[in-house]
Amino acid sequence: MPRAVTLIRSASLSDVAEYAYAATAPAESRLIFLAGSSPLAEDGSTVAVGDVAGQAAKSVENLRTALKDAGADLQDVISTRVLVASDRQADLVAAWEVVRDAFGAHDVPSTLMGVTVLGYDDQLVEIEAVAAVLDA
């Protein structure tokens with residue numbers, strides 16, 4: 001199946017980053033803007049309270065579901081923003097490792113940032129994403 005997203009690597013920038021520095025999609029692609037994916041169970045409760053990696057995993061699971069419902073999957077994501085309610089770099093890294101592993105070789109451009117607070121009780125992680133697909 002042809003994909004809309006093309007990841008762009010930069011030989012002029014550090015190769016330490018675990019993501020592509022840019023991505024493109026052709027004009028005829030359909031863009032999907034996803035709300036922040038949160039670590040919520042079906043009943044609206046926050047899962048994995050106090051566990052950054054556990055919340056990141058649930059957020060990825062919910063992101064996969066939202067993408068599927070929009071006719072896409074993780075391979076169609078063109079960029080992400082990972083928010084972690086912490087001032088500890090180790091917490092950001094723990095969340096990032098889960099997200100990075102979920103995307104595998106499709107290492108989309110991403111921003112990882114610590115924030116003061118997120119919207120749900122006990123929420124530590126949220127993942128925003130934009131995807132692009134070529135409709136048949």
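This is a predicted model: local features need pLDDT of at least 70, side-chain atom pairs count only at pLDDT 80 or more; totals for chains, interfaces and linings use all residues.
Local features need pLDDT of at least 70, side-chain atom pairs count only at pLDDT 80 or more, and totals for chains, interfaces and linings use all residues. Residues are numbered from 1 along each chain as its sequence is written, and side-chain values use heavy atoms, with hydrogens and water left out.

**View 1. L67 in the largest nonpolar core.** A nonpolar core is a set of buried Ala, Val, Leu, Ile, Met, Phe, Trp, Tyr and Cys residues joined through side-chain atoms within 4.5 Å; buried means under 20% relative accessible area, exposed over 50%, partly exposed in between (1.4 Å probe, protein chains only). This core has 28 residues, and L63 and L67 touch the most other members. Leaving aside residues up to four places away in sequence, L67 touches L34, A72, D73, L74, V77 and A131 (contact means heavy atoms within 4.5 Å). A second, separate core of five residues includes A4, V5, I78 and V130.

**View 2. T46 and its surroundings.** T46 is buried, at 17% relative accessible area. Its side chain reaches the backbone oxygen of D121 at 2.7 Å. Among the residues that T46 touches, not counting those up to four places away in sequence, are P39, Q55 and Y120.

**View 3. A cluster of rings: Y19, Y21 and W96.** Rings of Phe, Tyr and Trp (its six-membered ring) pair if their centres lie within 6.5 Å; planes under 30 degrees apart count as stacked, over 60 as edge-to-face and the rest as tilted. Y19 is partly exposed at 28%, while W96 is buried at 11%.

Notes: A polar contact is a pair of N or O atoms within 3.5 Å; within protein, one must be able to donate a hydrogen and the other to accept it, and residues adjacent in sequence count only if both atoms are side-chain atoms.
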